[in-house]
Amino acid sequence: ITEAVGHEAQAWMTARQQRALAGLEKPEGPPLQRLYVEADGTTVPMRVAKGAKRASDQRVQGKVEYKEVKLGAIFEATIDESGKPQAGTKSYTGTFGDAESCIRQVRAEAKARGADEAGEIVLLSDGAEWLQKRLPEAFQGQKVKSILDWCHPSERLTQIAHRLFGEGTPAAEAWADRLRDLLYEGKTLQVIAEIEKLKPKTKDSQQYVRQALGYLRDNDYRMNYAELRAQGYFIGSGIIESACKHIVNERFKRSGMRWSKNHAPNL
C-alpha cells in the first residue's frame, strides 16, 4: 500500500492473490459464466506530518490532507429465470498506492476468483481515464465486456439541463427525463445529436456541454443499455460504490478521525 509499487506493493496482496498471479491458485467448481470487476476511489482524512510536502493531488484543509484510496470489487454473477443478473460472492481489494498498484491487486484477486477460466470478464466503471485505459489491459487475451455505469452519463444529462434551462425548472426536468429515457433505451447517438443542438449562453455552460459531449462520444460503445439489459448485464456500479461507503467511509470518516500513514493501510 502507501505509495509503493513493485515488490513492496505486492507484499500487501494476500498469499492467495500472490499464488494466483503465479498460476498456483484456482477456485474449485465449474468455470464462472461472468466475473465482474469494478474499481473506484474515495478519500481518507490523514494527519499532515510536520515539514511534509503535499502532493498536488491531495486536497488539504488545515492540518488534514485527504488521501485517495483505490478500491476494487470482484464478484461472480448469474442470470435468473426472469433474465435479471444476480450478484454472488464479493471480494475486495484496497490500496493507497497509484493506479498501477490498484490494477495489480484487482488482477490478482480476479485470477484467484477464476478469471482465467471465466466465460467473460465484465469491467463496469464510471469511465475514469485510469480505469478505461489500464483495466482492460490487465485482462488481455480474454473475452472482456466494458460497460459505463448508467448513473454517470445520466447525471451529466441532469447537469446540462440545470445549466441550460435552470435548476429545478419544469423545462430542465422534462428535457433531462426525455434524454435519460433515450439513453436507457440505448439510443446514444440520438442523445449526442440532441445535445449538439443546444446553444448554451454562458462560458460555464458552454464548457460543461463540450466536456459532456466528449465524455459521451468517448464512451458511446459502452452505453448500449437496452442491449446490455436484454443480455442480463448489470449496468450500475452500485457494488463498488457500496464498498467505498462501507469499507472506507464508515471506518475512516467518523467524527474527529485523523489517520497516520502507518495505521490507515493496516485497517
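The model is a predicted one, in which local features need pLDDT of at least 70, side-chain atom pairs count only at pLDDT 80 or more, and totals for chains, interfaces and linings use all residues. Residues are numbered from 1 along each chain as its sequence is written, and side-chain values use heavy atoms, with hydrogens and water left out.

**Strand β3 and its partners**

- Strands β3 (residues 64–79) and β4 (residues 85–95) run antiparallel and are joined by nine bridges; two strands count as paired if DSSP finds at least two bridges between them.
- Another pair to find here is Ile74, whose bridge partner in β4 is Ser91.
- Five residues lie between β3 and β4, which form a hairpin, and Gly83 in the turn has a positive phi of about 90°.
- β3 also pairs with strand β1 (residues 34–47), in the antiparallel sense and over 14 bridges.
- Look for Ala39, which stands opposite Gly72 in β3.
- How many of the 16 residues of β3 are buried? Twelve of them are, so β3 is mostly covered, where buried means under 20% relative accessible area, exposed over 50%, and partly exposed in between (1.4 Å probe, protein chains only).
- As a general point, side chains in a regular strand alternate between the two faces of the sheet.

**The chain as a whole**

- The protein chain has eleven helices and six strands; helices (H or I, at least four residues) and strands (E, at least two) are DSSP runs, numbered from the N terminus.
- A compact globule of 267 residues would have a radius of gyration near 18 Å, and the 21 Å of the protein chain agrees with that. The radius is taken over C-alpha atoms, and the globule rule is 2.2 Å times the number of residues to the power 0.38.
- Taken along the principal axes, the C-alpha atoms fill a box of roughly 55 × 55 × 30 Å.
- Of the 267 residues, 44% count as buried.
- Among contacts (heavy atoms within 4.5 Å) between residues at least 6 apart in sequence, 70% join residues at least 24 apart.
- The chain exposes about 14500 Å², with carbon and sulfur atoms supplying 48% of it; such areas come from the Shrake-Rupley method with a 1.4 Å probe, and for residues only the protein chains shown count as cover.

- Asp126 sits in the loop between β5 (121–125) and α4 (129–134).
- Is Asp126 buried or exposed? Asp126 counts as buried because its relative accessibility is 17%.
- Leaving out residues up to four places away in sequence, Asp126 touches several residues, including Asp40, His152 and Tyr215.
- Cys151 is 25 residues from Asp126 in sequence, and their C-alpha atoms are 8.3 Å apart.
- Asp220 and Asp126 are 94 residues apart in sequence and 13 Å apart in space, C-alpha to C-alpha.
- Asp220 lies in the loop between α8 (203–218) and α9 (225–230), and its relative accessible area of 30% makes Asp220 partly exposed.
- Beyond its neighbours within four places in sequence, Asp220 is in contact with Thr188 and Leu189.

**Ser146**

- Ser146 belongs to strand β6 (residues 144–148).
- Not counting residues up to four places away in sequence, Ser146 touches Leu123 and Arg222.
- Gly236 is 90 residues from Ser146 along the chain, with 12 Å separating their C-alpha atoms.
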